[in-house]
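Subject: Structure for your review

Dear colleague,

Please find below the structure that I promised to hand over.

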Amino acid sequence: MLSIDSATAITDNFFMKKQSIALCVAFILTVCGWPCLGQWYLGGEAGYARHTFGASYTFAVGEPDAYVNTAQGVEGGVIGGYTFAGQGPVSLSIQGRVAGNTAQWQLDVVDEYSGTSQGGPASLAYDIPCSYSLSLVTGIRVGSSSRIVAELGIGQSLVREVKTSEQSTRYNYSDWTFSYVFGAGVHQRLGERWELRGTYRYIRCASVSYSGAFPDGTVWEHVTDTPRTHQVCFGLVYRWE
């Protein structure tokens, strides 16, 4: 687990990034001309999520090692925000999103370490079950009812990396981790109020690190990981003034 000081630093960093987004919004609105009254929106998304865990290991004795593991599952979330009204084909929205997914990587192994007789059966389980984000979504109108959009945001993801064993090393990392969100998609209006969406997102988490120890408390391995998520989602939102 992260220390209290580390958790505080992540939280402070998150709010500093939110201030940067606010400054970007103000700059865009100033350049484009302050918009008139826009629309609120609220809806849901569902689709596919794929996590990648690129863990690097260093040991008290022996050569370092690294593995890339992936997990796939179903993603579902709630989205909501506000679209500023303005002149011309360009739109700007501030969007919040809360989501969860079922993707989890699991593996059963038998550890054998050089330099020690300790080791044995172990089970590993990594996942990122939920996340939230705040994003700027810019769009360009294509035709009378469609927009091509790009998304840039920040958020936090709950990263869990757990190893259990009666004989070998074990660890239990679980914490909210700062993340960047990059996305692109197409929005299709369905009448005056409804909108159909297709979106791809790439979420890159900040690096996490922790240690694994034998049952007697001897620290043997240090792990560093930078989790990433790819999402493809389809959604439906309702708009109102």
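Lys-163 is buried, because its relative accessible area is 5%, where buried means under 20% relative accessible area, exposed over 50% and partly exposed in between, with a 1.4 Å probe and protein chains only. Please note that this is a predicted model, in which local features need pLDDT of at least 70 and side-chain atom pairs count only at pLDDT 80 or more, while totals for chains, interfaces and linings use all residues. Residues are numbered from 1 along each chain as its sequence is written, and side-chain values use heavy atoms, with hydrogens and water left out.

Salt bridges

The side chain of Lys-163 meets that of Asp-111 in a salt bridge, at 2.7 Å from N to O; the term stands for a side-chain nitrogen of Lys or Arg within 4 Å of a carboxyl oxygen of Asp or Glu. This pair links distant parts of the chain, with Lys-163 in strand β7 (residues 146-164) and Asp-111 in strand β4 (residues 104-112), 52 residues apart. Helices (H or I, at least four residues) and strands (E, at least two) are DSSP runs, numbered from the N terminus. Asp-111 is buried as well, with a relative accessible area of 14%.

The structure holds ten salt bridges. Another of them joins Arg-201 to Glu-45, whose closest N and O atoms are 3.1 Å apart. Since Arg-201 lies in strand β9 and Glu-45 in strand β1, the pair ties together parts that are 156 residues apart in sequence. Arg-201 counts as buried because its relative accessibility is 2%, and Glu-45 counts as buried at 6%.

Glu-75 and Arg-97 also form a salt bridge, with 3.2 Å between the closest N and O atoms. Here too the pair links distant parts of the chain: Glu-75 is in strand β2 and Arg-97 in strand β3, 22 residues apart. Both residues, Glu-75 and Arg-97, are buried. A network of salt bridges links Glu-45, Glu-75, Arg-97, Glu-151 and Arg-201.

The chain as a whole

The protein chain contains one helix and twelve strands, and from the N terminus on the order of its elements is α-β-β-β-β-β-β-β-β-β-β-β-β. Of its 241 residues, 42% are buried. Among contacts (heavy atoms within 4.5 Å) between residues at least 6 apart in sequence, 69% join residues at least 24 apart. The chain exposes about 12300 Å², of which carbon and sulfur atoms supply 61%; accessible areas come from the Shrake-Rupley method with a 1.4 Å probe, and for residues only the protein chains shown count as cover.

The nonpolar core

A nonpolar core is a set of buried Ala, Val, Leu, Ile, Met, Phe, Trp, Tyr and Cys residues joined through side-chain atoms within 4.5 Å. The largest one has 16 residues, and those with the most contacts inside it are Tyr-57, Trp-105, Leu-124, Tyr-126, Tyr-171, Tyr-210 and Val-223. Two or more residues come from each of β1, β5 (119-127), β8 (171-190) and β10, and β1 gives the most, with three residues. Not counting residues up to four places away in sequence, Val-223 touches Ala-55, Ser-56, Tyr-57, Tyr-171, Val-208, Ser-209 and Tyr-210.

Strand β10 (residues 208-213) also holds Gly-212, which counts as buried because its relative accessibility is 0%. Gly-212 and Arg-170 are 42 residues apart in sequence, yet their C-alpha atoms are 5.1 Å apart in space.

The nonpolar surface patch

On the surface, Trp-40, Leu-42, Val-78, Leu-190, Trp-194, Leu-196, Leu-236, Tyr-238 and Trp-240 form a nonpolar patch with about 860 Å² of accessible area together. Patches are made of residues with over 30% relative accessible area and no salt bridge, like charges being joined within 9 Å and nonpolar side chains (Val, Leu, Ile, Met, Phe, Trp, Tyr) within 5 Å. At least two residues of this patch come from each of β1 (36-59), β9 (194-205) and β12 (228-240), and β12 gives the most, with three residues.

Val-78 stands opposite Val-98 in β3. The strands β2 and β3 (residues 90-101) pair in the antiparallel sense over ten bridges, pairing being assigned if DSSP finds at least two bridges between two strands. The two form a hairpin with four residues between them, and Gly-88 in the turn has a positive phi of about 90°.

With kind regards
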